Amino acid sequence: TTKASDSMSSFSFIHAADLHLGSPFQGLAMKDAAVAEMFMEASRRAFTALVNQAIDRNVDFLLIAGDVYDGDWKDNKIGLFFNREVARLDRAGIPVFLLKGNHDAESVITKTITLPQNVREFPVNKPGTFTLNRLKVALHGQGFAERSATENLARGYPPPQPGWFNIGVLHTSLTGREPHAPYAPCSVEDLRSRGYDYWALGHVHDYEVVSDNPPIIFPGNLQGRSIREQGAKGAVLVSVEDGTVTHERMITDSARFAQK
């Protein structure tokens, strides 16, 4: 737990990343098409489960820290699926803040589908800030314009809004997390130096609480994509009560890889 300003309201949000919708499971498809199909279906079901949880728990907003899609694909189906699910959140009055990751940057499809009005996308050419005035929450983030981002994006993030709850959203490998490509490299110190109350990271597929003060968290992906990604997968539910932050894992996967 960590302390922010005392005058803040109480609210909750879900921090997810690396949905990789439309992941082709190519290696798996060659070995067993039915199993590959099951995992493709599982990645969609995991996102549906996430939306259900957001609505059931009546969270104040949903954050997706990059890689909604898995690069380009041949048809619009997966984009339309994402839209349908996000529209359910729109009807429930839950805003969605979306950051483009390395896989989204190369996806042409994102340019052809108009997202529902509850979705706000962080800019890719410079950091941008969204504010939720009712909650006194400021969200700062910069998405990827290109497939790879080799510079330290975190250093360009703006100073925190005084007296508000400040969240940094970043798709990064930090100082390196094998086997993930070294994107938007930065140190934990770079993040801490911004003075934010929570860092919502994406890109690394394992759940990891990098720091507790302030919380700097990789939620991992919603659904395992290969035998290298074993164990439970999901997102993080974050609750803020009078400036004190607590977080817990929410498991969303519906198929799991394991080794005997």
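Visitor: How many helices and strands are there in the protein?

Guide: Helices here are DSSP runs of H or I with at least four residues, strands are E runs of at least two, and both are numbered from the N terminus. The protein has six helices and 12 strands. This is a predicted model, in which local features need pLDDT of at least 70 and side-chain atom pairs count only at pLDDT 80 or more, while totals for chains, interfaces and linings use all residues. Residues are numbered from 1 along each chain as its sequence is written, and side-chain values use heavy atoms, with hydrogens and water left out.

Visitor: What share of the residues in the protein is buried?

Guide: Buried means under 20% relative accessible area, exposed means over 50%, and partly exposed is in between, with a 1.4 Å probe and protein chains only. Of the 260 residues in the protein, 54% are buried.

Visitor: Among contacts between residues at least 6 apart in sequence, what share joins residues at least 24 apart?

Guide: A contact means heavy atoms within 4.5 Å. The share is 70%.

Visitor: What is the strand order in the open sheet of six strands?

Guide: Two strands pair if DSSP finds at least two bridges between them. The order is 5-6-7-8-10-9, and the pairing is mixed. Strand 5 (128–132) and strand 9 (208–212) are at the edges with a single partner strand each, so one side of each has no neighbour in the sheet. On average, neighbouring strands of this sheet are turned by 15° against each other, direction ignored; the axes are lines fitted to C-alpha atoms, for helices over the stretch in contact, and angles run from 0 to 180 degrees between N-to-C directions.

Visitor: How many bridges join strand 9 to strand 10?

Guide: Four bridges join them, and strand 10 (residues 215–218) runs antiparallel to strand 9. Asp212 is opposite Pro215, and Glu208 has Phe218 as its bridge partner. The hairpin between strand 9 and strand 10 passes through two residues. As a general point, side chains in a regular strand alternate between the two faces of the sheet.

Visitor: What span does helix 3 reach from its first C-alpha to its last?

Guide: The expected span of a helix is 1.5 Å times one less than its number of residues. Helix 3 (residues 77–91) has 15 residues and reaches 21 Å, close to the 21 Å expected. Its buried residues include Ile78, Phe81, Phe82, Val86 and Leu89. Gly93 follows the helix, with a positive phi near 75°.

Visitor: How many salt bridges does a search of the whole structure find?

Guide: A salt bridge is a side-chain nitrogen of Lys or Arg within 4 Å of a carboxyl oxygen of Asp or Glu. The search finds five. One of them joins Arg134 and Asp60, at 3.4 Å from N to O. Arg134 is in the loop between strand 5 and strand 6 (137–141), and Asp60 is in the loop between helix 2 (33–56) and strand 2 (61–64), so the pair ties together parts 74 residues apart in sequence. Arg134 is exposed, at 66% relative accessible area.

Visitor: Which residue forms a salt bridge with Glu85?

Guide: Arg88 does, with the closest N and O atoms 2.3 Å apart. Glu85 and Arg88 are three residues apart in helix 3, which means a separation of about one helical turn. Glu85 is buried at 9% relative accessibility, whereas Arg88 is partly exposed at 22%. Arg192 and Glu189 also form a salt bridge, with closest N and O atoms 3.5 Å apart. They are likewise three residues apart, in helix 6 (residues 188–192).

Visitor: Which residues have the most contacts inside the largest nonpolar core?

Guide: A nonpolar core is a set of buried Ala, Val, Leu, Ile, Met, Phe, Trp, Tyr and Cys residues joined through side-chain atoms within 4.5 Å. The largest has 26 residues, and those with the most contacts inside it are Ile14, Leu19, Phe47, Leu50, Ile64 and Phe82. Among the elements giving two or more residues to this core are strand 1 (11–16), helix 3 and strand 11 (234–241). A second, separate core has 24 residues, including Phe165 and Tyr198.

Visitor: Where does Leu237 lie?

Guide: Leu237 lies in strand 11 and is buried, at 6% relative accessibility. Leaving aside neighbours within four places in sequence, its contacts include Phe13, Ile14, Val59 and Glu248. The C-alpha atoms of Leu237 and Glu248 are 5.4 Å apart, with the two residues 11 apart along the chain.
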